[in-house]
Amino acid sequence: MCQNIFLWRSGKIGGPGIVVEIYESRSGKHKYNRGKRVVGGWVFGGVERGANNCFLAVVENRTSEVLLSVIEEHILPGTTVMSDCWSSYQCLSEEGFVHLTVNHSMHFVDPDTGAHTQSIEGTSSAIKRGLNGTNHAKGQFDSYMAAYMWKRKNSTAESRMESLLDMIKEVYPPLSKDKRKLKKKKKKGNKVK
């Protein structure tokens, strides 16, 4: 329930003058604990610099159509988007975003623009570390990502509790006095019969 409400209320991140870093990563296990990852799906995400706002989504592939639809769903137009030089991102400037890139084969930070994706890469690493070494229910990866995003957005125990109570109130709004009286009358009427 909390996962669904959190994802429903999360809204878009970014906006004019705000930087969002995007990154795609393959999640999964190593075959025989060696070599490249072979089992798992693609995770695409973005982090808003200077805030705890982020989004994560499981995608079936990294084509420009798929990634652009996720970007448009989660990032406001006019946002400065920083990414690596993956070809699927080349259309971002045409779609109403300010797009800066960093070529990771040459630099971690672009020397001309200052563009980098270190925040989102760190987030991706933190998620993977959090998932390593524990048993996970198959098909629940979206739940684990939603839990990570919720914890990131609500970084203190107090804000987590407040957020949880707000979500519960949203699903189960408190009854007014009149509705409570009516409910009691119905219960008494059922007992008498």
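**Close-up views of a predicted model**

View 1. Ser 88 is found in the loop between strand S6 (80-83) and strand S7 (98-101). Helices (H or I, at least four residues) and strands (E, at least two) are DSSP runs, numbered from the N terminus. The model is predicted: local features need pLDDT of at least 70, side-chain atom pairs count only at pLDDT 80 or more, and totals for chains, interfaces and linings use all residues. Residues are numbered from 1 along each chain as its sequence is written, and side-chain values use heavy atoms, with hydrogens and water left out. Ser 88 counts as buried, at 9% relative accessibility. Buried means under 20% relative accessible area, exposed over 50%, and partly exposed in between (1.4 Å probe, protein chains only). Not counting residues up to four places away in sequence, Ser 88 touches Arg 62, Thr 63, Ser 64 and Leu 67. Contact means heavy atoms within 4.5 Å.

View 2. The side chain of Ser 88 reaches the backbone oxygen of Arg 62 at 2.7 Å. The backbone nitrogen of Ser 64 is reached by the Ser 88 side chain at 3.3 Å. A polar contact is a pair of N or O atoms within 3.5 Å; within protein, one must be able to donate a hydrogen and the other to accept it, and residues adjacent in sequence count only if both atoms are side-chain atoms.

View 3. Arg 62 lies over the face of Trp 86, at 3.8 Å from the ring centre. Arg 62 also lies over the face of Trp 42, at 4.1 Å from the ring centre. A charge sits over a ring if NZ of Lys or CZ of Arg is within 6 Å of the ring centre and within 35 degrees of the ring normal. The side chain of Arg 62 also meets that of Glu 24 in a salt bridge (3.1 Å, N to O). Arg 62 lies in the loop between S5 and helix H2 (64-74) and Glu 24 in strand S1, so the pair ties together parts that are 38 residues apart in sequence. Glu 24 is buried, with a relative accessible area of 7%. A salt bridge is a side-chain nitrogen of Lys or Arg within 4 Å of a carboxyl oxygen of Asp or Glu.

**View 4. The Glu 21 and Arg 49 salt bridge.** Here the side chains of Glu 21 and Arg 49 meet at 2.6 Å, N to O. This pair links distant parts of the chain, 28 residues apart: Glu 21 is in strand S1 (residues 19-26), and Arg 49 is in the loop between strand S4 (42-48) and strand S5 (54-59). Glu 21 counts as buried, at 0% relative accessibility. Arg 49 is partly exposed, with a relative accessible area of 27%.

View 5. Asp 166 and Lys 169 meet through their side chains in a salt bridge (4.0 Å, N to O). The two residues are three apart in helix H5 (residues 157-171), separated by about one helical turn. Asp 166 counts as partly exposed, at 30% relative accessibility. Lys 169 also counts as partly exposed, at 47%. The structure holds three salt bridges.

**View 6. The aromatic cluster.** Phe 44, Phe 55 and Tyr 89 form one aromatic cluster. A search of the whole structure finds two aromatic pairs. Rings of Phe, Tyr and Trp (its six-membered ring) pair if their centres lie within 6.5 Å; planes under 30 degrees apart count as stacked, over 60 as edge-to-face and the rest as tilted.
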